[in-house]
Amino acid sequence: MVTKQQLKGLPEDADLRRADSLAREIFSDVANKWALLIIEALGDGTLRFSELRNEVEGVSHKMLTQNLRMLERNGLVHREVHPTVPPRVEYTLTGPGRGLRATVDAMCGWTHQNLGHIEDARHRFDS
């Protein structure tokens, strides 16, 4: 978390601790499992809706649509509609989206690295 000293000179909207800050709203948007999995699935490539749905196992049509719209609204995903019949829609990470992907990749790495420890802790807790 950022300290008050580090926030000095930044707009109030940058403070994640404030319930009404833009930073908290953005954090809330992108810090959900579907958004993180979509960002990871897009990687450095471009995917169509159906390809994304196949990559992110378990996501419903509705949740994929909602999260793609949110990611597009926040400038993390670019949506391109090709004028074909039927229309072909493709999704690609933007520069900021690729930047966030680096963080998502680190989280995935952390998960893989600590999976055994977490499984052991859950087993002890649930016993």
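Colleague: Where is Val89 found?

Modeller: This is a predicted model, so keep that in mind. Val89 is found in strand β3.

Colleague: Is Val89 buried or exposed?

Modeller: Buried, because its relative accessibility is 17% and the cut-off for buried is under 20%.

Colleague: What does Val89 touch?

Modeller: Leaving out residues up to four places away in sequence, Val89 touches Leu47, Arg48, Phe49, Arg79, Glu80 and Val81.

Colleague: And how are the C-alpha atoms of Val89 and Asp13 separated?

Modeller: By 33 Å. The two residues are 76 residues apart along the chain.

Colleague: Which residues line the largest pocket?

Modeller: Val89 is one of them.

Colleague: Which element gives the most to the lining?

Modeller: Helix α5, with four residues. α4, α5 and β3 each supply at least two.

Colleague: Now the largest nonpolar core. Which members touch the most other members?

Modeller: Ile38, Leu42, Leu52, Leu68, Leu71 and Tyr91, out of 23 residues in that core. Two or more residues come from each of α3 (33-42), α4 (49-55), α5 (61-73) and β3 (88-93). α3 gives the most, with seven residues.

Colleague: Next, His82. Where is His82 found?

Modeller: In strand β2. His82 is buried, with a relative accessible area of 16%.

Colleague: Which side chain does a polar contact join to His82?

Modeller: The side chain of Glu90, at 2.8 Å. Beyond four places in sequence, His82 touches Pro87, Arg88 and Glu90.

Colleague: What kind of peptide bond joins Val85 and Pro86?

Modeller: A cis one, with omega about -10°. Pro86 is in the loop between β2 (77-82) and β3. As background, most peptide bonds are trans.

Colleague: What about Arg101, buried or exposed?

Modeller: Arg101 counts as buried, because its relative accessibility is 18%. Arg101 is found in helix α6 (residues 95-126).

Colleague: Which residues does Arg101 touch?

Modeller: Ile39, Glu40, Gly43, Asp44 and Leu93, not counting residues up to four places away in sequence.

Colleague: Last one. Where is Asp20 found?

Modeller: In the loop between α1 (4-7) and α2 (22-30). Asp20 counts as exposed, at 55% relative accessibility.

Colleague: Which side chain is joined to that of Asp20 by a polar contact?

Modeller: That of Arg18, at 2.8 Å.

Methods:
Residues numbered from 1 in each chain as written. Predicted model: local features only at pLDDT ≥ 70, side-chain atom pairs only at ≥ 80, totals over all residues. Heavy atoms only, no water. Core = buried A, V, L, I, M, F, W, Y, C linked by side-chain atoms within 4.5 Å. Buried < 20%, exposed > 50% of the residue type's maximum accessible area, 1.4 Å probe, protein only. 1 Å grid on protein atoms, 1.4 Å probe; cavity = no way out; pocket = protein on both sides within 12 Å on 5 of 7 lines; lining within 4 Å. Contact = heavy atoms within 4.5 Å. Polar contact = N/O pair within 3.5 Å; in protein donor to acceptor, adjacent residues only side chain to side chain.
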